[in-house]
Amino acid sequence: MNDISVLIGGKAGDGINSAGLTIAHLFNHLGYRVYIYFDYPSLIKGGHNFAIVRASDHKIGAHRETADFLLALNNDTITFHTSMIRPDTEIIFDKDNATRATGTSVPVGEILTAENAPQIMGNSALIGAFAKTAGIQWDVITEVFQRNLQKETEKNLSVARKAYDAAQIKRTVPVIGPGHLPIITGNEAMGLGLIHGGMDAYISYPMTPTSNILHFLAEQAPHLPITVVHPENEIGVIIMALGFAYAGKKAAVGTSGGGFCLMTEGLSFAGQSEIPVVIVVGQRTGPGTGLPTYTGQSDLHFVLHAGQGEFPRLIVAPGDAEESYRWSSLAVQLAWKYQVPAIILGDKTLNEGTYSFDRKEPGELHPDPEIPGEALVTGPGYGRYRLTGSGVSPCAFPGTPETVVKITSYTHDENGISTEDAKISMVMAEKRRKKGVRLLEEIDRLEAVKTYGGRSSPVALLAWGSNKGVACDVAGLLGLRVIQPIVISPFPLRQMKEALSGVTRLVSIEDNIEGQLGSLLAGHGITVDDQVLKYDGRPFSVDELHRKVMEVLK
Amino acid sequence: MTSRNLITPAQNTWCPGCGNFSIQFALKSVLGELVQSGTSLDDVVLVTGIGCHAKMADYLNVNSFYSLHGRTVPAAIGIKLANPQLKVICCAGDGDCYAEGLDHLIFAAKRNVDITMIIHNNRVYGLTTGQYTPTSPLGFRGRSTPGGTTELPINPLELMLASGATFVARGYTRNMEQLRSLVKQGLLHRGFSFIDVLQICATYNNMTDYYHEHVDDLKDHDISSFEAAFWKAREWDYNADARIALGLFYRQVMPTFEDRIFAHPPDNTDRQKRIEEILQEKM
């Protein structure tokens, strides 16, 4: 099995993230599937940043706890990661700044001076030396730099070349295939999925780990029929999105738990007024401001129950880039079809993780856009909340000739006029309920619960969100089954029971302390036998989860 | 749509003598006038917050977005950006817009979004039965402040001028001709129009006599001068006794938020094609 891990570390501002991406592209060109975990503290300059690039011959979504190659721009990279260094780890280091290292010494300072290059290009020197150490052909570097570096490609290449020539081949990474795939983050996959699903407007206030959706879409907006707005706060964000949707434009928003707290009044309003909206919630370690740049899965119950009152909501928790793309697209389409709020629940590991993206994988992306038999009739008799068999009322928008469109946050009649009438209140509650039932029927026709690995194994790992990747790796090592619910609400109980068929021992894996998915399943009469929980803000490595699952099964 | 009954069959539940009737009448008659001059009612959207003022959404037979407390502005901005052809009017309360939703109001002025804000400023919470609001005078005895408030009111005109509003006016519910004129000018102004309407609350804060004695129309005032507007706006601080000027304080034509956002027309590239291109770039 080809499975290679490279750690690159340095100070914030050293360009560690882009260096990690460049290394991933080198492997991509050799035919590998890649995954990058990027770890950084909440500051702008200084501090210790590192990226772990993993390359494998199979689809991956988790890092390993030791490195085959370690690239150090400073001493911290050596001292902070001693546990990642094995006797056979190849260390490539900046001669002047990583003085405590042994291995391939790179005269970064001298090279930069000779090439009259700025400090930031130091990582190109390290990449050049790494490529040589790993026996990667020079033309691969040329191609990757030319394709992926935005500026000063030639100078970066000259810097890399000097380091490449000075280094020795230590361990040749085999070329395993000709094809290569796009490499994108979970955030970019969600952004692309939203575009695919027909989103017209993205409205967001910056918050880690979803700010990069805002940045990505703002950059793409001039080349697409979409509007991107950054309002004053998250309350403004969600209400503005509802304004867009009321006027006929499909809107999505993005935030993390703290921003979602402010959005909950708007979420409940969306439920009452039946205005569709898509909300990306990228979880990070809470409570409060928590660990802003670290991961967590502690907001599952929050998104399930946020907002006063009862109303149907779609919640999806994709586990990798392909699922992020697919389910973000579906979230837009289904939110509009059923006129409900939809939440795309991510986590920092998924949102800011970087993955090989296989376009062929996502599968069915186009559910029927409308519920059959319920045609829109505009004109003087139009009622925004007309009662129908499905509970979904055909939607008109302001500007429609002779048609008055009234929406409200109050309990209302079919025309959207506020009411306190007991019977109408009851009928409208039932109308909303019906939509949830119809939505569940539709969810049931999609692949809402997935299984992987040893599908006949009586022991199953239950994982959600980004833990899908690490669970699949561990299940591969131990011959276990993996069960991953992608849709959280309405809960796909039938599919979950089917996935559990023959399972005698269920081990849940979650990045929280209370086992939130486990308690959700308990509410549906499904018992989790063992829990492997992690709540230090860091994602499981394959090796750590492997040990923990072994301990549990001992 | 050129004409229709502008009042819905919904039962009106405002108190007898409520200032909201005047604002509703002013708005209704201005809309009627606009229809005469070619505006289609189909393109009018009324956004309201929560409070007595907000029942306007149920009572006026036009497109309406009956929002949450304090949340007229973000909805109005979303609607305007989604469809710039629409004429978007916000009716908001003083508790609604100056307390719960003040941040949004400042940003609407800052952005110069082409919407019209009519603030039903009765200087008391009516629907929650009589508490002080941001514009209640110092010492106001409400149900949450039985010993009188211990804070000074804000001056919304001063605040809106400082925030960049391009149309700032003050009206009074017992001065109908002027109120109609201000609402109409506000609706015709391209940019953010702000009209603070001093309104009687017949039940909890009936200031009819006080206003009757203190209001004056603005005279010999240069509406293009920010300094003159600011000075006039500061004459009465919503607290101490002073003459209360009514009318248009300031008007300035500036590019709107929509003008700037849509300076480049949206690119109608096929989404699938663009997704493919982006993925190619990521290879």
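Predicted model: local features only at pLDDT ≥ 70, side-chain atom pairs only at ≥ 80, totals over all residues.
## Overall build of chain B

Chain B contains eleven helices and eight strands. Its radius of gyration is 20 Å, close to the 19 Å that the globule rule gives for 283 residues, so chain B is as compact as a globular protein of that length. Taken along the principal axes, the box filled by the C-alpha atoms of chain B is roughly 70 × 45 × 40 Å.

Of the 283 residues in chain B, 50% are buried. Among contacts in chain B with a separation of 6 or more, 71% are between residues 24 or more positions apart.

## The contact between chains A and B

In the contact between the two chains, 47 residues of chain A meet 44 residues of chain B. On the chain A side, the elements that give two or more residues are strands S7 (183–185), S9 (227–229) and S15 (406–408), together with helices H7 (186–196), H9 (234–246) and H10 (257–273). H9(A) supplies the largest share of this side, eight residues. Sorted by class, the side of chain A that touches chain B has 25 nonpolar, 15 polar and seven charged residues.

## A helix pair across the two chains

Helix H7 of chain A, one of the elements on the side that touches chain B, packs with helix H11 (residues 271–281) of chain B. The axes of H7(A) and H11(B) come within 9 Å and cross at roughly 165°. An angle over 145 degrees counts as roughly antiparallel, and H7(A) and H11(B) are therefore roughly antiparallel to each other. The crossing of H7(A) with H11(B) is left-handed.

On H7(A), the residues that make this contact are A:Leu192, A:Ile195 and A:His196, and on H11(B) they are B:Arg271, B:Ile275 and B:Ile278. By class, the contact of H7(A) with H11(B) has four nonpolar residues, one polar and one charged.

## A helix pair within chain A

Helix H4 (residues 122–133) and helix H6 (residues 153–166) of chain A have axes that come within 7 Å and cross at roughly 45°. That angle makes H4(A) oblique to H6(A). The crossing of these two helices, H4(A) and H6(A), is right-handed.

H4(A) contributes A:Ser124, A:Ala125, A:Ile127, A:Gly128, A:Ala129, A:Ala131 and A:Lys132 to the contact, while H6(A) contributes A:Asn156, A:Val159, A:Ala160, A:Arg161, A:Ala163 and A:Tyr164. Eight nonpolar, three polar and two charged residues make up the contact of H4(A) with H6(A).

## A helix pair within chain B

In chain B, helix H3 (residues 72–82) packs with helix H5 (residues 102–111) at an angle of about 40°, and their axes are 8 Å apart. H3(B) and H5(B) are therefore oblique to each other.

The contact is formed by B:Val73, B:Pro74 and B:Ile77 of H3(B) with B:His104, B:Leu105 and B:Ala108 of H5(B). By class, the contact of H3(B) with H5(B) has five nonpolar residues, one polar and no charged residues.

## Cis peptide bonds in chain A

The peptide bond from A:Gly286 to A:Pro287 is cis, with omega near -10°. A:Pro287 sits in the loop between strand S11 (277–283) and helix H11 (300–305) of chain A.

A:Ser489 and A:Pro490 are also joined by a cis peptide bond, where omega is about -10°. The loop that holds A:Pro490 runs between strand S19 (487–489) and helix H16 (493–499) of chain A.

## Positive phi angles in chain A

A:Asn116 is not a glycine, but has a positive phi of about 55°. This residue, A:Asn116, lies in the loop between helix H3 (108–115) and H4 of chain A. A:Asn116 has 8 other C-beta atoms within 10 Å and so is exposed.

A:Glu274, which is not a glycine either, has a positive phi of about 60°. The place of A:Glu274 is the loop between H10 and S11 of chain A.

Terms used:
Residues numbered from 1 in each chain as written. Chains lettered and ligands numbered in written order. Helix = DSSP H or I, 4+ residues; strand = E, 2+ residues; numbered from the N terminus. Rg over C-alpha atoms; globule rule 2.2 N^0.38 Å. Buried ≥ 20, exposed ≤ 12 C-beta atoms within 10 Å, placed from the backbone. Contact = placed C-beta atoms within 7 Å. Axes fitted to C-alpha atoms, helices over the stretch in contact; angles between N-to-C directions. Parallel < 35°, antiparallel > 145°, perpendicular 65-115°, else oblique. Left-handed = near helix turned anticlockwise from the far one by under 90°. Nonpolar A, V, L, I, M, F, W, Y, C, P; charged D, E, K, R; others polar.
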